[in-house]
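Hello,

Here is the structure I promised to pass on. Please have a look at it first, and then read my notes below.

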Amino acid sequence: MLAAVASPAEAPPLAEAQKQLAQCPEPPGRACELGHALDARAPLAGPYPGLRGLLETLCTQCPGPRNPCASLFSRAFQGALASGSVASPEALRWNLEHAGPGTGLACTELVRFVLLPAALTQGPVLPVHPSLRDLLAPLCAPGGHLPPALLSAAVIQQGAQAGALTGLAASATGPGTPQAPAKLQGAEAASHAFDGKERSGVDLGNGVFGKSWEADGALRAQFEPPLAQLVSVRVRAQGPGALRAIVRTPAEAGLKDPERGTWFVNPTACTFKGTGKWETCTLKVPLLDVEALSVFPGAERISLYEVEALGTR
């Protein structure tokens, strides 16, 4: 294969390299390492399609950690994040499409650096993220490389800016029914906001209390077990605020809850004006694996009269 790289215009070295690859169920490590050299000698739409074909063969056979297409993808992807622009969308897409056993590793980078920030309230979403997301997420979704709960959380948090993610998220299985929380934390009279009585309620302040504020807010309603789907929320309050859904995620994928030892993202499921009347927030896609709803007052003090979560277990 070295001869083919050294003499890309010569037919015999190319034929010999193709023969050697055809005889190997898995290319040797040295052959996989030549993937970057093949890419440099035979760029996409370049003059040596035969040499490009060798790279394609290597990518379909080399294991994930040594997969040249996954490695080429990672280098270009990280370069786009650093520079703020995608130098060659076609090459980035080609490498992901042909990453074979390395597809999971490549998609993990998309999840970590693009999908995860999009699922967080106040997440660090960079200007280049939407272009990377819309280009690459549809390629990762069919193989199950985008965690469904994280995907739906990103759609809800990004709203009208969710782009291609919206069409990839799961649909609601039904209109949902009222779901009572198993545990309430925060204000002393928190149960008054979930007792079904519109005239009772609880006063909440917007001070930040300890390390669990991002998970708990001023009041946390815990569902046990977590809701399979959350499809809508109704709120009656005096004073503005927001309800964040605490969506459980795999380890290392999200924020860590120091109290519970779990990981989560916290998309804003509902922003309410607090007019004293009922306000309904219907989610464009259902949120999955919702372990809690947390209330974040938008003023120094608000009165939360009633919250109703509709979903399925």
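A bend at a residue is the angle between two axes, one fitted to the seven residues ending there and the other to the seven starting there. Helices (H or I, at least four residues) and strands (E, at least two) are DSSP runs, numbered from the N terminus. This is a predicted model, so local features need pLDDT of at least 70 and side-chain atom pairs count only at pLDDT 80 or more, while totals for chains, interfaces and linings use all residues. Residues are numbered from 1 along each chain as its sequence is written, and side-chain values use heavy atoms, with hydrogens and water left out.

Let me start with helix 8. At Val 111, helix 8 bends by about 40°. Its 16 residues (103–118) should span 22 Å at 1.5 Å a residue, and the 21 Å between its end C-alpha atoms agrees with that; the expected span is 1.5 Å times one less than the number of residues. Val 111 is also among the buried residues of this helix, which include Thr 103, Glu 109 and Pro 117. Buried here means under 20% relative accessible area, exposed over 50% and partly exposed in between (1.4 Å probe, protein chains only). The cover over the buried residues of helix 8 includes helix 6 (68–83), helix 9 (129–140) and strand 7 (262–265), where contact means heavy atoms within 4.5 Å.

Next, the cores. A nonpolar core is a set of buried Ala, Val, Leu, Ile, Met, Phe, Trp, Tyr and Cys residues joined through side-chain atoms within 4.5 Å. The largest one has 69 residues, and those touching the most other members include Phe 77, Leu 136 and Leu 204. Strand 9 (residues 275–297) gives the largest share of this core, nine residues. A second, separate core has 15 residues, among them Leu 38 and Leu 72. Leaving aside residues up to four places away in sequence, Leu 204 touches residues including Ala 187, Val 295, Glu 300 and Arg 301.

A few backbone details may interest you too. Glu 224 and Pro 225 are joined by a cis peptide bond, with omega about -5°, and Pro 225 is in strand 4 (residues 219–238). Gln 122, not a glycine, has a positive phi of about 65°. Gln 122 sits in the loop between helix 8 and helix 9 and counts as exposed because its relative accessibility is 66%. Asp 289, in strand 9, also has a positive phi, near 55°. With a relative accessible area of 39%, Asp 289 is partly exposed.

Best wishes
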